[in-house]
Amino acid sequence: MFKLFDGYSHTIDKINRKTDEATNKILKASGGTDKFNKKLENTGASATKASSGLGKLIGAVVSLAAIKKTLDLADEMTQTTARLNLINDGLQTTAQLQQMIMESANRSRAAFTTTADVVAKLGLRAGDAFASNQEIIAFAENLNKMFVIAGASQEEMRSASLQLTQAL
């Protein structure tokens, strides 16, 4: 009986040891999983911070680009107005001249700045070929319409207009 009881105790002890070992391994694995999850949370927080910082940087760059574009447009409009002042024949104010150019640009589906640039260059370089600013605007409008019908890009329109004004 003692032998039977002792054999049983030994087996039970062995099972207990193995169970304890398995439990310790499970606890270690659980601790490792907890550490891993904590690192993932920290990485996620870092990524969120980095993403937020990157978003702010991109926003600042976009804002600066918008400001530069606005300043460039304002500078271009100032130069265009100055050139239109030079060619104004006195039959209208510069604001009225700009309005006539805007209406012409709308009718010909061209950009105002491109049309105003063509009108100013035609007036400065070939003003003697036209009787008034209205004729220059009408000529520029017809020119723009031909460019649009031909499918010319804005750059092609500028280039051809430059060559034409130089030729006139």
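Predicted model: local features only at pLDDT ≥ 70, side-chain atom pairs only at ≥ 80, totals over all residues.
User: How many helices and strands does the chain have?
Analyst: Helices (H or I, at least four residues) and strands (E, at least two) are DSSP runs, numbered from the N terminus. Read from that end, the elements go α-α-α-α-α. The count is five helices and zero strands.

User: What percentage of the 168 residues of the chain count as buried?
Analyst: A residue is buried under 20% relative accessible area, exposed over 50% and partly exposed in between, using a 1.4 Å probe and protein chains only. By that cut-off, the buried share of the 168 residues is 22%.

User: How far apart are the end C-alpha atoms of H3?
Analyst: The expected span of a helix is 1.5 Å times one less than its number of residues. Helix H3 covers residues 112-126, so its 15 residues should span 21 Å. The model agrees, with the end C-alpha atoms apart by 20 Å.

User: Which residues does threonine 113 contact, leaving aside its neighbours within four places in sequence?
Analyst: Threonine 113 lies in helix H3 and counts as buried, at 17% relative accessibility. Contact means heavy atoms within 4.5 Å. With those neighbours left aside, the partners of threonine 113 are Glu76 and Met77.

User: How are H2 and H3 oriented to each other?
Analyst: Axes are lines fitted to C-alpha atoms, for helices over the stretch in contact, and angles run from 0 to 180 degrees between N-to-C directions. The axes of H2 and H3 come within 9 Å and cross at roughly 120°. Angles under 35 degrees count as roughly parallel, over 145 as roughly antiparallel, 65 to 115 as roughly perpendicular and the rest as oblique. H2 and H3 are therefore oblique.

User: Which residues of H3 make the contact with H2?
Analyst: The H2 and H3 pair is oblique. On the H2 side, the contact uses Gln98, Ile101, Met102, Ser104 and Ala105, and on the H3 side it uses Phe112, Thr115, Ala116 and Val119.

User: Is arginine 109 buried or exposed?
Analyst: Arginine 109 sits in the loop between H2 and H3. Although not a glycine, arginine 109 has a positive phi of about 60°. Its relative accessibility is 66%, so arginine 109 counts as exposed.

User: Is glutamine 92 buried or exposed?
Analyst: Glutamine 92 belongs to the loop between helix H1 (2-87) and helix H2 (94-108). Beyond its neighbours within four places in sequence, glutamine 92 contacts Leu97, Met100 and Asn133. With a relative accessible area of 13%, glutamine 92 is buried.

User: At roughly what angle do the axes of H4 and H5 cross?
Analyst: Helix H4 spans residues 133-150 and helix H5 spans residues 154-167. Phe139, Leu143, Asn144 and Phe147 in H4 meet Met157, Ala160, Ser161 and Leu164 in H5. Their axes come within 11 Å and cross at roughly 135°.

How values were computed
Residues numbered from 1 in each chain as written. Heavy atoms only, no water.
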